[in-house]
Amino acid sequence: MAQIEVKNLSFKYEMANDLALKNINLKVMPGEVVVLCGESGSGKSTLLRHLKSMTAPVGELRGEVLIEGKNIGELSKEDKLSHAKNIGFIMQNPDTQIVTDRVYHELAFGLENLGVDTDAIRLRVAECVEYFGIRDIFMEDTGKLSGGQKQLVNLASAMTLNPKILLLDEPTSQLDPIAAARFMETVKKINDELGVSVVITEHRLDMVSDFADKIVILEKGEIKALGSLEDVIPKFKNSEFKKLLPITSQIALEHNEIIVKNRDFRNWIKTKKIKKVNKPLKNIEDNYALELKSIYFRYEKNLEDVLSNLNMKVKKGEIYALLGGNGSGKTTALKVIADALKEYRGKKKIKGKIGYLPQDVQTLFYHDTVREELGNILNFSQYSNWWDADILDKHPYDLSGGQQQKIGLLKVLNNKPEILLLDEPTKGIDAIQKEKLGLMLRDLAADGVTILMVSHDPDFCCEYANRCGLFFRGNIIADENSDEFFINNSYYTTTIKKVMGNIRRDVVKKDDIKIS
């Protein structure tokens with residue numbers, strides 16, 4: 001029997017004109033890993049939230065969701081409690097799920113609410129602490145944890161309840177590449193060792209391709225394709241959806257090969273002649289729009305510096321990307337540049353009007369509809385491919401994370417900034433929309449806009465940034481043109497560099513490779 005069965009499910013949000021989900025039919029067998037993917041706003045998160053009664057959105061629903069044979073819309077009060085215990089839900093933003101001030105309180109919180117006795121709570125918490133390797137942060141203040149640590153604590157908290165099913169809504173979208181890989185390794189371990197079924201929404205199929213049993217590709221609320229990755233790949237050879245596939249699978253598909261695992265890709269490409277495609281770098285004059293000299297910042301007097309002797313120069317019309325671990329100080333640096341925070345030592349020279357897209361893009365929304373938020377931006381033809389007409393009358397909070405990112409960026413651009421600061425601009429955005437974003441940034445840079453972005457997306461930075469810097473403990477410890485930056489790195493580097501590192505060390509992106 002299927003552990004999860006979705007039957008003819010259609011759903012429309014309140015006040016919406018169109019269906020968010022259309023006649024969805026899906027089965028998840030015990031112990032399966034199922035990945036939901038598709039463009040931003042395709043219905044992935046909406047479908048995921050319907051799999052747990054407590055997270056199901058409000059609106060007009062037709063069809064059924066069965067968990068272990070029981071329709072969750074008809075559960076008794078007692079069955080709802082059991083249902084809640086058996087399904088863990090991990091959200092996209094680590095901060096939105098943490099409710100207590102200390103890690104040990106967070107781990108015990110769910111059990112305490114269920115009335116579990118003290119000795120049993122201690123035992124389960126102790127087991128989870130050891131299993132997830134978080135003993136060193138057990139007594140820490142949750143507010144001081146990095147994003148990766150917070151998400152791991154969220155996962156451990158869910159697992160203290162011994163769930164049978166884990167639902168994860170783009171859980172790595174705000175994590176740096178190393179923390180994201182560790183998190184997904186832990187999810188794989190839970191699935192392998194404990195037999196917990198996993199349903200996950202994820203834009204980066206590279207993260208899950210090695211252990212996903214089933215891929216579900218959604219388009220405008222409908223299932224476009226369903227099956228193993230091997231089954232799905234051939235269906236998109238001549239489709240824009242090909243960009244959603246792992247990069248290695250895209251390269252192989254161009255040569256009529258169906259390859260899923262990185263190991264198989266390495267073995268295949270070793271048999272080919274590879275030519276590195278060299279493209280001339282854009283020459284940007286040494287006209288600096290942004291200069292930081294010996295910047296220091298700390299949040300409280302007695303705390304250590306978050307920014308320490310930070311020096312940076314960004315040229316006018318340049319796209320500069322800052323990468324680094326969660327908690328390394330990247331966002332703080334953007335806030336200091338934007339004057340949202342004040343350095344206590346150092347000098348900064350800024351030539352131009354600043355526009356700032358914060359990490360929490362919802363802070364930019366003040367109106368009840370997207371149409372009101374955008375205002376006269378709707379008349380700007382150069383941005384016409386950056387929104388869908390069917391979202392204009394929705395509340396901004398009802399949009400997907402990726403859609404919110406796009407609308408937030410348009411609001412910032414409406415003020416015609418000369419220096420654009422972007423904090424995680426690709427968060428929640430699929431590969432198809434990322435390409436549109438990257439081309440938009442190039443156009444802005446060509447018009448003289450200076451762009452400084454913080455990102456956990458090495459592939460995007462390599463493709464579209466002129467220069468990249470690695471942030472570590474409040475300072476930039478490496479600063480090179482994008483290709484050289486990723487060639488020299490082993491961990492903060494692109495998907496292709498990681499896969500090809502022992503074959504061709506000078507290859508860092510898909511377009512570098514020409515196979516004969």
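Some ground rules. Residues are numbered from 1 along each chain as its sequence is written, and side-chain values use heavy atoms, with hydrogens and water left out. As this is a predicted model, local features need pLDDT of at least 70 and side-chain atom pairs count only at pLDDT 80 or more, while totals for chains, interfaces and linings use all residues.

I'll start with the cores. A nonpolar core here is a set of buried Ala, Val, Leu, Ile, Met, Phe, Trp, Tyr and Cys residues joined through side-chain atoms within 4.5 Å. Buried means under 20% relative accessible area, exposed over 50%, and partly exposed in between, with a 1.4 Å probe and protein chains only. The largest core has 51 residues, and Phe132, Leu166 and Ile217 have the most contacts inside it. A second, separate core has 41 residues, including Leu392 and Met440.

Leucine 166 touches, among others, Ile190, Val196 and Val198, leaving aside neighbours within four places in sequence; contact means heavy atoms within 4.5 Å. Asparagine 191 also contacts Val196 and Val198, along with Gly31, Glu32 and Val33, under the same exclusion of neighbours within four places in sequence. Asparagine 191 is in helix H6, residues 177–194; helices are DSSP runs of H or I, at least four residues, numbered from the N terminus. Its relative accessibility is 11%, so asparagine 191 counts as buried.

Next, aromatics. Rings of Phe, Tyr and Trp (its six-membered ring) pair if their centres lie within 6.5 Å; planes under 30 degrees apart are stacked, over 60 edge-to-face, the rest tilted. The whole structure has nine such pairs. Tyrosine 131 and phenylalanine 132 are edge-to-face, 5.3 Å centre to centre with 75° between the planes. Tyrosine 131 is partly exposed at 24%, whereas phenylalanine 132 is buried at 8%. The pair of phenylalanine 265 and tryptophan 268 is tilted, because the centres are 5.7 Å apart and the planes are at 50°. Both residues lie in helix H9, three residues apart, about one turn of the helix, and both are buried.

Last, helix H10, residues 330–337. Why is H10 described as largely enclosed by the rest of the structure? Six of its eight residues are buried, among them Leu334, Val336 and Ile337. Just after H10, aspartate 339 takes a positive phi of about 65°.

Notes:
Helices (H or I, at least four residues) and strands (E, at least two) are DSSP runs, numbered from the N terminus.
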